[in-house]
Amino acid sequence: METCIKTNEAHLFSDLYVETVDTDKNVENVNDKNKKNFASDICGQKFCQKRLLKKHSHNHTKEEPFPCDVCGKKYFRKADLNEHFRTHTSETPFSCDVCGKGFSRRGTLDRHYRIHTNEKPFSCDVCNKNFSHKNHLNEHFRTHTNEKPFSCDVCGKEFSRRGNLDTHYRIHTNEKPFSCDVCNKDFSQKSNLNVHFRTHTNEKPFSCDVCNKIFSHKNNLNEHFRTHANEKSFSCDVCGKGFSQKGILDRHYRIHTNEKPFSCDVCGKGFSQKGTLVRHYRIHTNEKPFSCDVCNKDFYRKSNLNEHFRIHTNEKPFSCDVCGKNYSYKVSLKKHNRIHTVNESYSSYCA
């Protein structure tokens, strides 16, 4: 019994001894692996593996050993070359599990996914506005710093965004890459095409909160809104008269300059406003586009139709300040006013 026990003890000690030796060897091996024996000749940074040192060395040499076989562009890492190569093959191995859209890069998919989650992890330190993309935050931040790093090499105008510079540059090149599918008219900006397209669809997405009048252009709504606020931001520097719209001021100013840039190609008569020329031209064409719904009588001008329509409605919007008599037409009120003017003159003469 004792012999047996001693034998087992001997085996037990023997096993423990073997295990102890093996464990020490493993520790030594791990220590050897963790030793940073490979140091950079330039910055002195040490690495435990030679391949890591080699990869680090590219930072100093700016070496780009992986060229693209298609376009020749070079890359520092093989993985970057592989990502780039998908731009030539149109390969999109990463797809969104919500909408199915495919992407060539995993990072682009991650950024796209925030559209569905509405995640906005990048926040402005100044105004706390949040953004889903870091580059959107960088662009926004320039509104606070007024930084404009992109400048036009033709006219020198500066921009805070590269996209705005690209759009501006089309002024110089006269490039119009956006075309209307209906009338084939070309535009330099996608937004201008979208606005133009409403002329075909008659879409008017902008509505006045006061009178509910609708507009196809946002700036037309803004101009219209000034009629409610009685805001007249534009004033004539000759007579001081105020206007709610810059265009109306420009047309008014021609009264002082007697400028008539619009002329009839039939009789040569000049006009200060385009609309006046259009109405005048109907004299030559005998066009009468405004028709009465009651008696079907046609008119050259909308204002003439409106005046005529009062015959049917018996509306008399013009009232005499002296005797209170009402008239359908302003010219009739003026004629009537002469009665009071003559009477006042006669009374003064008799006195």
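In this report, helices and strands are DSSP runs, numbered from the N terminus. The model is predicted.

**The chain as a whole**

The chain contains 12 helices and 22 strands. Of its 351 residues, 17% count as buried. Its accessible surface comes to about 26,300 Å², and carbon and sulfur atoms contribute 48% of that area. Among contacts with a separation of 6 or more, residues 24 or more positions apart account for 0%.

Confidence can be read from the pLDDT: the chain has a mean of 82, and 86% of its residues reach 70 or more. Over residues 1-23, however, the pLDDT is below 50, and this stretch has zero contacts in the model beyond near neighbours in sequence.

**Cysteines**

Cys 152 lies in the loop that joins strand 9 (150-151) to strand 10 (158-159). Cys 152 has a relative accessible area of 4%, and therefore counts as buried. Leaving aside residues up to four places away in sequence, Cys 152 touches Lys 157, Leu 165, His 168, Tyr 169 and His 172. One of these, His 172, is 20 residues from Cys 152 along the chain, and their C-alpha atoms are separated by 9.9 Å.

The structure holds zero disulfides. Cys 180 is accordingly in no disulfide, and the nearest cysteine sulfur, that of Cys 183, is 3.7 Å away. The relative accessibility of Cys 180 is 1%, so this residue is buried. Cys 267 is partly exposed, at a relative accessible area of 44%.

**Salt bridges**

The structure holds five salt bridges.

| Arg 105 | Glu 83 | 3.6 Å |

Arg 105 is partly exposed at 35% relative accessibility, and Glu 83 is partly exposed at 27%.

The other two pairs in the table lie within helices. Arg 162 and Asp 166 are four residues apart in helix 6 (residues 162-173), so about one helical turn separates them. Likewise, Lys 246 and Asp 250 are about one helical turn apart because four residues separate them in helix 9 (residues 246-257). An α-helix has 3.6 residues a turn, so residues three or four places apart point the same way. Asp 166 is partly exposed at 37%, as are Lys 246 at 43% and Asp 250 at 34%.

**Helix 8**

Helix 8 (residues 218-229) has 12 residues and should span 16 Å at 1.5 Å a residue; its end C-alpha atoms are 17 Å apart, which agrees. Which residues of helix 8 are buried? They are Leu 221, His 224 and Arg 226. These buried residues pack against strand 13 (206-207), strand 14 (214-215) and strand 15 (234-235). After helix 8 comes Asn 230, with a positive phi near 55 degrees.

Notes:
Residues are numbered from 1 along each chain as its sequence is written. This is a predicted model: local features need pLDDT of at least 70, side-chain atom pairs count only at pLDDT 80 or more; totals for chains, interfaces and linings use all residues. Side-chain values use heavy atoms; hydrogens and water are left out. Buried means under 20% relative accessible area, exposed over 50%, partly exposed in between (1.4 Å probe, protein chains only). Contact means heavy atoms within 4.5 Å. A disulfide is a pair of cysteine sulfur atoms within 2.5 Å. Accessible areas come from the Shrake-Rupley method with a 1.4 Å probe; for residues, only the protein chains shown count as cover. The expected span of a helix is 1.5 Å times one less than its number of residues. pLDDT is the predictor's confidence in each residue, from 0 to 100. A salt bridge is a side-chain nitrogen of Lys or Arg within 4 Å of a carboxyl oxygen of Asp or Glu.
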